[in-house]
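Me: Hi! I'm new to this one, could you walk me through it?
Reply: Happy to, let's look at it together.

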Amino acid sequence: MQQLATICEAVGGTTKKNEKTAMVAEYFRSRDLDSAATSAIFLSGRVFPAYEERTLQIGGTQLWRVIAELAGPGGEARLTMAFRKHGDLGSAAYDVLQPTAPANSTLAVTEVEAVLHHVSAARGAATKLRLLQDLLARATALEAKYIVKIMTGELRIGLKESLVEEAIAHAFSATSSAVQRADMLLGDIGGALRLASAGRLDEARMRMFHPVGFMLASPAQDADEAFSYFEHASVEDKYDGIRAQAHASAGHVRLFSRTLDDITGSFPELVPGLAAFSEDAILDGEILAWSADGETGRALPFSTLQKRLGRKRVADSMLRDVPVAFVVFDVLYAGDELVLDRPLSERAATLDRLFAAARAPATVRTIAPQGVLMFEPAVESPAEHVVRILRAPSARADSPAEIERMFTAAQARGNEGLMIKDLRSPYTPGRRGRSWLKLKRELATLDVVVTAVEFGHGKRASVLSDYTFAVRYGDRLVNIGKAYTGLTDVEILQMTGWFLTHTTADHGFLREVEPTVVIEVAFNAVMRSDRHDSGFALRFPRIVRLRPDKPPEEIDTLERVAEIYARQHKLPKSA
């Protein structure tokens, strides 16, 4: 474990990706296979492989107590001071445990893994805490630092899973794409390392019920730009819901959010319809608040769906008041075939076949793509047989004028805009390219991450209501503005509690916070400014909504801001 902790220190000490990759690759080559595979999981920021339905079930307060007790007399006060200094429990543990921790240890990475498995399986907080205390008592201060970081999922050494995949490729003379594909199929980067070491990456097979990264879209300014990237486009409405991935096999169903969290329990009414498919399938789509009133069903605004978000269990009253539907627009796996590499046109045909063969047509429906029409009547009799799983209509566009007409029609239906997709494009998980484009109602919005919060004024003097936010610039976050309007009092109160417990630096009136809360902001214009380290500022920014469905890795970039600025001032994009 000491070698892993040492390599983590070294990786965290450089900003150069090639150096990070080379260090980790050499570390993998120097370890036995079991240690290397376990280390790959830890270095990816996980305690267990992604496919495992396993958590430690240890809260931060309990872990804090263990560290404070090991630190000896005055441990609580010293830990508090160290945490305020670092904003990171692992680094704080290193500071307070140095006087009492052993100078050397024989603790192996695989031993740490075994103990953490026992912690996960143990019943009762007392047993879990005893196991953790015994583990950390055997560790050096540096080992304890990274054991705690691994347990809390806050490694913070600038090492993404993609870099770990590259390191595996370098260590075992494989291609990064082959390692990435095996990791994606298995949901286990340690398993991918084992296959790479044996030259058997091509033997990786799909393991159901672990989420695959979502393919992402890039924004288009207008219909002309959207059409300029490919000759023939598939066009769909861009719906105002949350992205979701559904895994269905032999009647078993799980739903995953864009942040790869299991949200099945939040939308139980979708399970019967998804279980109706006669083949194993992994589907990509959008969960929408759904009204079955009148002759045709229709999607409802995101604000309606928002009432359902963040709820692990949903009361019957909420199921009645905010019903949902799952609109499917892509397929990643069908039968026993992975179809990611096939062009969109072929995946669409596969999706049509899946819907046609569904066992329960009362809960699954294919909708003929007549233009980009909203759904055909979606209510069966009796009322409880509302169609919940719908095939998203799509149409082909062969000119900017057709796209513009479809965009206007989508807006008239109350949807955000259009998704415009290259019919030849494969499905590329986790990547944002020009194969998928989004044309939205209001271009002047950005997805940003909150980096600091401040107490408000007047009736908001006791809550954190003023949000400073950032966009991404390479591996860094650069601030671009501050907003304090747009959220409800209830939302502000709820977020205040979260920010208070996720503060990394307390400056009294202002708190720096963990950059994980994504919000969508609207604004009137982009301006050049020295006020923020991005070099830009937003004019009259206001919060449109919280985006719990979006991870911070997918926020907008400084390049996007520069494009908006250039468009507003009719400058070249590089200006």
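Me: Which residues are linked with R547 and D549 in a network of salt bridges?
Reply: That network also takes in D240, D447, E520, R545 and K550. Keep in mind that this is a predicted model.

Me: How far apart are R547 and D549, N to O?
Reply: Their side chains meet at 2.7 Å.

Me: And is R547 buried or exposed?
Reply: R547 is buried, at 7% relative accessible area. D549 counts as buried too, with 6%.

Me: How many salt bridges are there in total?
Reply: The count comes to 37. One of them pairs K149 with D88, with the closest N and O atoms 3.2 Å apart. K149 sits in helix α9 and D88 in the loop between α5 and α6, so this pair ties together parts 61 residues apart in sequence. K149 is buried at 4% relative accessibility, and D88 is buried at 3%.

Me: What about K16, buried or exposed?
Reply: K16 is exposed, with a relative accessible area of 51%. Its salt-bridge partner is E19, at 3.9 Å between the closest N and O atoms. E19 is partly exposed, at 35%.

Me: Switching to the sheet: what's the strand order?
Reply: It goes β1-β13-β12-β2-β11, an open sheet of five strands with mixed pairing. β1 and β11 each have a single partner strand, so one side of each is left without a neighbour in the sheet.

Me: How do β2 and β11 run, parallel or antiparallel?
Reply: Antiparallel, joined by three bridges. In one of these pairings, A233 has A397 of β11 as its bridge partner.

Me: Which strands does helix α18 lie across?
Reply: β2, β11, β12 and β13, and the helix runs at about 140° to β12.

Technical notes
Residues are numbered from 1 along each chain as its sequence is written. This is a predicted model: local features need pLDDT of at least 70, side-chain atom pairs count only at pLDDT 80 or more; totals for chains, interfaces and linings use all residues. Side-chain values use heavy atoms; hydrogens and water are left out. Two strands pair if DSSP finds at least two bridges between them. Helices (H or I, at least four residues) and strands (E, at least two) are DSSP runs, numbered from the N terminus. Contact means heavy atoms within 4.5 Å. Axes are lines fitted to C-alpha atoms, for helices over the stretch in contact, and angles run from 0 to 180 degrees between N-to-C directions. A salt bridge is a side-chain nitrogen of Lys or Arg within 4 Å of a carboxyl oxygen of Asp or Glu. Buried means under 20% relative accessible area, exposed over 50%, partly exposed in between (1.4 Å probe, protein chains only).
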